[in-house]
Amino acid sequence: MTPHKKQCDREEDDFTELVDGVKIREDRIVNGFFSILLPNGISDPYLVICTHARDMGLDPALLKQPSNLPLLAGQTISKDTLPYSMNYSGHQYGFYIPQLGSGRTTCLGEYLADDKRWELQLKGTGPNCYSRGGDGRMTLSQALREFMIAEACHNRKMPTTRSVAVLGGKDTVMRKGELRRLGILVRNAPSWIRFGTFELFHYREQPDMIKELADFLIETHFSDAKVEQKLVTRHLLPAAVYPKEADGDTINPYCQVSQDPIEIALNSYACLFRSIVRKSAVLVAHWQAQGFVHGLLNTDHCSVLGLTMVTEKSGFMESYDPEWTPNQTDHERDFRFELQPSVMKWNLSRLGRCFLDLVGDSWAPNQRPKTREFESVKESATGEHEKLYSLPPRTHLKHGFLFHAGKSENIIRELLQEFEPVFLQNYHNLMLQKLGLEPTQINEMDLLIQPLIDIFAESGVDYQLFFQLLVKLPWNSDEFANAVAFDENGKHDQDTLIQMTDKPEDIMTLVLHSLAQLIEQDEPFVVKQPVRASLSKRRESKITMIRQQKVDDPSKILDQQNKLPSLVEMASRVRYWAMIFQTRLQKQEIPYEEWQKRVQSFHSPVASLDALSKIEDLVNSDDPQLYTFCESLCAEIYTRTLN
């Protein structure tokens with residue numbers, strides 16, 4: 001792909017109309033995939049933290065050498081480097097923005113390590129032609145936050161972009177009325193191409209550019225798209241083109257299916273889109289299983305490789321709250337935890353528009369790509385289309401060659417439908433792995449996984465801490481078996497339930513303390529459902545108490561049983577779930593020590609909200625403990641990854 005070498009430092013105040021009447025500066029209109037741009041580095045750079053990992057072909061010892069700091073800080077450029085910034089657009093909060101681009105990042109180039117392609121990028125390198133009025137900078141605390149979250153994602157075996165290093169400097173920038181120290185984040189990925197890269201040229205009506213971009217991805221990252229694949233479907237016709245019956249009623253399109261499945265041969269572009277759909281579904285399954293919230297899930301932050309494009313607004317959920325998001329600017333919570341699967345599928349549908357002319361022939365060929373929708377075709381019907389509309393009802397099933405599942409709109413729609421089953425299957429297997437179980441063909445969603453999620457949602461339990469304490473669950477002991485057993489009345493013995501709360505690190509103690517935090521003691525008992533933002537405000541004191549094991553008398557949780565009957569009910573539900581869980585473990589005949597190792601390996605440390613807040617405090621106060629704290633936190637994150 002040839003970069004567009006347009007100069008971006010023009011001083012004229014020329015404005016040019018772009019797509020949909022949006023007016024932007026002419027010097028911000030870039031016609032190519034990227035622009036050759038020099039980074040605006042920071043002065044007097046120093047290394048704050050550096051990766052411990054060697055899987056990217058980078059030696060941490062070399063990265064720490066003072067002679068390499070100017071390069072990593074964007075001050076100097078190697079003679080073999082041709083720096084560039086990416087060009088893209090995208091949908092943000094549901095609205096299309098015709099011109100975005102890497103307004104604060106600069107790619108230094110690509111390199112190969114163990115036959116794997118990597119694209120090294122500097123974030124926070126100052127304004128360029130894509131900055132749209134911004135300063136193109138990031139604060140040191142933002143850089144450190146993103147570094148820790150990205151490596152924690154990698155540590156949890158989530159598909160993600162990677163962090164390499166964070167550098168600071170003496171320069172400052174104004175944020176929220178205060179001067180903050182600047183930082184540079186050095187990050188890495190096999191590719192930084194995103195959904196918005198395709199959207200840019202789709203809405204500009206440049207199909208040749210879309211094809212070139214797709215060919216590049218097939219050659220470099222999706223070689224499996226060259227292998228012939230089939231799409232099996234029974235749907236014959238899209239909903240909008242069904243004729244009406246004599247009485248005026250529209251034929252139900254999903255009743256009009258073939259008797260036998262239809263096999264459609266997919267070309268390489270359709271296979272490429274299918275791979276992107278499946279990779280994205282796997283990615284979101286990891287997010288939901290690990291309690292990760294992206295926070296800014298626009299199409300310009302969705303990688304075509306199915307990677308987590310971490311931002312400083314991302315984070316790991318602690319107190320379980322389906323509506324939680326770490327992005328404080330997302331006032332409507334559009335990208336909250338529970339909506340991530342549906343948001344990703346919607347983003348994929350936007351990407352699917354860009355592939356319409358690549359995957360096959362259209363049943364609306366004369367419509368402009370910018371305006372063509374899957375469901376609007378009749379108004380533009382001409383030629384052979386009109387002949388079909390003039391046929392008697394249903395006869396186009398025999399004569400129609402345009403309106404069938406082999407047309408591009410239907411292929412895209414059918415491929416999008418693969419998102420949900422791939423997501424559910426991977427989420428199911430990942431949750432079983434979190435519990436230390438082997439994934440099986442048996443669906444455990446209804447009996448094991450969903451009841452546990454319901455307990456989380458009603459109690460607001462610390463999602464990360466629960467699974468860390470799970471490793472201490474004594475499911476192989478007789479005492480545990482007696483505690484989860486039912487009495488002759490089909491209930492759990494309340495005395496036994498109280499005894500089981502005597503251990504501060506027991507998961508039931510954690511759940512009941514979490515539920516108690518949601519109860520207003522001076523009002524009639526009401527479980528706040530769904531758990532909302534107020535939960536997060538009470539999280540710190542609750543989790544501090546649990547983690548420090550300052551539980552004077554855990555049995556008091558159930559003392560006021562008449563006043564708070566739902567605590568007893570919750571305890572019974574937890575024990576019932578534990579009984580089902582024990583049954584599954586015994587059925588798989590997993591040794592207790594082996595089970596503990598599985599759980600520990602799957603629940604490695606993450607960058608907690610408390611740790612990230614402390615980093616920001618240390619940066620803002622110029623505390624010299626910043627370096628030792630970041631190093632210790634980084635070492636904790638990498639411990640299990642390197643082992």
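Me: Which residue meets the side chain of Arg 278 in a salt bridge, and how many residues apart is the pair?
Reply: In this predicted model, the side chains of Arg 278 and Glu 418 meet in a salt bridge, with 3.1 Å from N to O. Arg 278 belongs to helix H6 (residues 268–290), while Glu 418 sits in the loop between helix H11 (408–416) and helix H12 (419–434), so that the pair links distant parts of the chain.

Me: Is Arg 278 buried, exposed or partly exposed?
Reply: Buried requires a relative accessible area under 20% and exposed one over 50%, with partly exposed in between. Because the relative accessible area of Arg 278 is 37%, the class that applies is partly exposed.

Me: Which parts of the chain does the salt bridge between Glu 151 and Arg 162 tie together?
Reply: The side chains of Glu 151 and Arg 162 meet in a salt bridge at 3.1 Å, N to O. Glu 151 lies in helix H3 (residues 140–155) and Arg 162 in strand E11 (residues 162–175), so the pair ties together parts 11 residues apart in sequence. Both Glu 151 and Arg 162 are buried. The parts tied together are helix H3 and strand E11.

Me: With which residue does Arg 117 form a salt bridge, and is that residue buried, exposed or partly exposed?
Reply: Arg 117 forms a salt bridge with Glu 110, the closest N and O atoms being 2.8 Å apart. Arg 117 has a relative accessible area of 26% and therefore counts as partly exposed. The partner is Glu 110, and because its relative accessibility is 40%, its class is partly exposed.

Me: How many salt bridges does the count come to, and which residues are linked in a network?
Reply: As a general point, side chains of opposite charge can pair when their charged atoms come close. In this chain the count comes to 21 salt bridges. The residues linked in a network of salt bridges are Arg 104, Lys 123, Glu 146, Arg 187 and Glu 312.

Me: Which side chain is joined to that of Gln 121 by a polar contact of 2.7 Å?
Reply: Gln 121 is placed in strand E9 (residues 116–123) and is buried, with a relative accessible area of 0%. Leaving aside neighbours within four places in sequence, Gln 121 is in contact with Thr 105, Thr 106, Cys 107, Leu 185, Val 186, Arg 187 and Trp 192. The polar contact of 2.7 Å joins the side chain of Gln 121 to that of Arg 187.

Me: What is the phi of Asp 114, and what is that of Glu 589?
Reply: Most residues other than glycine have a negative phi. Asp 114, in the loop between strand E8 (105–113) and E9, is exposed at 75% relative accessibility, and Glu 589, in the loop between helix H20 (565–588) and helix H21 (592–602), is exposed with a relative accessible area of 69%. The phi of Asp 114 is positive, near 55°, and the phi of Glu 589 is likewise positive, near 55°.

Me: How many disulfides does a search of the whole structure find?
Reply: Cysteines in the chain include Cys 302, buried with a relative accessible area of 2%, and Cys 630, buried with a relative accessible area of 0%. A disulfide needs a pair of cysteine sulfur atoms within 2.5 Å. The number found by searching the whole structure is zero.

Me: Which element of the chain has the lowest mean pLDDT, and which the highest?
Reply: The chain averages a pLDDT of 77, with 72% of the residues scoring at least 70. Over residues 365–404 the pLDDT stays under 50, although the model has 74 contacts for them beyond four places in sequence. Where pLDDT is low, the predicted coordinates should not be read in detail. The lowest mean, 32, belongs to strand E1 (residues 15–17), and the highest, 97, to H6.

Me: What percentage of the 643 residues is buried?
Reply: The chain has 23 helices and 16 strands, and among contacts between residues at least 6 apart in sequence, 72% join residues at least 24 apart. The chain exposes about 28400 Å², of which carbon and sulfur atoms supply 49%. Buried residues make up 55%.

Definitions and conventions: Residues are numbered from 1 along each chain as its sequence is written. This is a predicted model: local features need pLDDT of at least 70, side-chain atom pairs count only at pLDDT 80 or more; totals for chains, interfaces and linings use all residues. Side-chain values use heavy atoms; hydrogens and water are left out. Buried means under 20% relative accessible area, exposed over 50%, partly exposed in between (1.4 Å probe, protein chains only). Helices (H or I, at least four residues) and strands (E, at least two) are DSSP runs, numbered from the N terminus. A polar contact is a pair of N or O atoms within 3.5 Å; within protein, one must be able to donate a hydrogen and the other to accept it, and residues adjacent in sequence count only if both atoms are side-chain atoms. Contact means heavy atoms within 4.5 Å. Accessible areas come from the Shrake-Rupley method with a 1.4 Å probe; for residues, only the protein chains shown count as cover. A salt bridge is a side-chain nitrogen of Lys or Arg within 4 Å of a carboxyl oxygen of Asp or Glu. pLDDT is the predictor's confidence in each residue, from 0 to 100.
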